[in-house]
Amino acid sequence: MSHNDEGAETAKAASWVEFFADQPQNKLRVFDWSVSGFETCIVVHGPSFRLALDIGACPPQAISADHVFISHGHVDHCGALHQHMRRRQLVGLPPATYYVPEHLVQPLIDIARLFSVVHGDEDEDNEGGSAKLSTKDKKSKKEDATVADGASAEAGSDEIKIYGKIVAATPGDDLQLSKNLRIRPFATDHRVPSIGCLVYCKRSQLLPKYAGLPGAELAELARNGEQLREARWEPAIGYTGDTRFTVLACPPEPDLLKVRLLVCELTYVEGPTDTAEKYGHCHLHDFSSRANLFDNVGQLLFVHFSRRHSPDQVINAVLTSLPEELRSKVYCGLNALRFYRS
Ligand SMILES: [Zn+2]
Ligand SMILES: [Zn+2]
């Protein structure tokens, strides 16, 4: 078995975590695959969406994600872009959309096109027999102002197909991904230009004036034609990508600290805090000293641990450093760290 095969087997065996399982309308299934500098891909299945946050690896769980957010250009966050495109094509899934920092749109299109050239064999059968994205289809998408579809002039690569749509995600944008899903990117504080995102889900909610009424009374009002519910956009998930703690201490979007699930980088759990500052990451000390910042966050998933820490070190450090109130809603994403430290 090759190293890659072993990785795929391990990724299959690694576990999903369910958040808010007692609330079907809020239930989130999350698969974490993240080690600092190595690979990050967080897959989230929500009530009506499948989303990957970064694509520095393409574990089997990520293939079905038809929306992929890329936070920055470090290879551990975007290096498996072409694998994701190729694997979706191979199993007959339609092209995904990739939401990436504006300055990376053209380089990532160029890389994807070059991988198409390297891969060759465009007429090879795929398992599901889905239609490929033709150059003609792609050109028609040029009408869409959000799709950067420029080609590398030198290579004349306008004619080279890529299996996906690469879209600019700019801080402050409201990007509608589907009827019930949108994302809002925000700038983070890393050592290269980087963004995080807020994921909003549309949910039908009882109007506040009817809260607390007994079910029979509500049913009677509904029979009389009263409008009892309204649709609201809720901040479901926050994703920090790579960042210093400043983005949490002074959040660019207030909703970042009101989300149901905050997927947050935590690279260092021990050692000097100036290393985190230097490399543009968070340190556990940041969270233990500012725990009250997270009072209104539903739950936290820490990811992106340094490979210098063992999974046991991570768990012990989190258990001993964080105050009880924060610790009780924290989960450490260790699937990839367990693999790389085994
Ligand atoms: Zn990283
Ligand atoms: Zn980075």
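Predicted model: local features only at pLDDT ≥ 70, side-chain atom pairs only at ≥ 80, totals over all residues.
In strand E10, Ile195 is the bridge partner of Ala187. Strand E9 (residues 181-187) and strand E10 (residues 195-206) run antiparallel and are joined by 7 bridges. E10 also pairs with strand E11 (residues 229-239), again in the antiparallel sense, over 10 bridges. Strands of a sheet pair through backbone hydrogen bonds, in either a parallel or an antiparallel arrangement.

For the chain as a whole, residues 24 or more positions apart account for 65% of the contacts with a separation of 6 or more. Of the 342 residues, 41% count as buried. The chain has 12 helices and 14 strands.

A further group of strands forms an open sheet. Its 7 strands follow the order E1-E2-E3-E4-E5-E6-E7, with mixed pairing. Strand E1 (16-19) and strand E7 are the edge strands, each pairing on one side only. Neighbouring strands of this sheet are turned by 20° against each other on average, direction ignored. Within the sheet, strand E2 (residues 28-35) and strand E3 (residues 39-46) run antiparallel and are joined by 7 bridges. Arg29 stands opposite His45 in E3. Helix H4 packs on the sheet, where it touches E6 and E7, and the direction of H4 makes about 165° with that of E7.

Helix H4 itself (residues 105-119) has 15 residues and reaches 21 Å from its first C-alpha to its last, close to the 21 Å expected at 1.5 Å a residue. Its buried residues are Val105, Leu108, Ile109, Ala112 and Arg113. These residues lie on the same side of H4 because they cover an arc of only 135° around the axis. On the face of H4 turned away from its buried side are the exposed residues Val117 and Val118. Just after H4, Gly120 takes a positive phi of about 65°.

Helix H10 (residues 311-321) can be read in the same manner. Val314, Ala317 and Val318 are buried in this helix. They cover an arc of only 95° around the axis, which puts them on the same side of H10. Asp312, Leu319 and Thr320 are exposed on the other side of H10. Among the elements that cover the buried residues of H10 are helix H9 (284-289), helix H11 (324-327) and strand E14 (330-332).

Methods. Residues numbered from 1 in each chain as written. Chains lettered and ligands numbered in written order. Buried ≥ 20, exposed ≤ 12 C-beta atoms within 10 Å, placed from the backbone. Helix = DSSP H or I, 4+ residues; strand = E, 2+ residues; numbered from the N terminus. Arc of directions from axis to C-beta. Contact = placed C-beta atoms within 7 Å. Expected span 1.5 Å × (residues − 1). Pairing = 2+ DSSP bridges. Axes fitted to C-alpha atoms, helices over the stretch in contact; angles between N-to-C directions.
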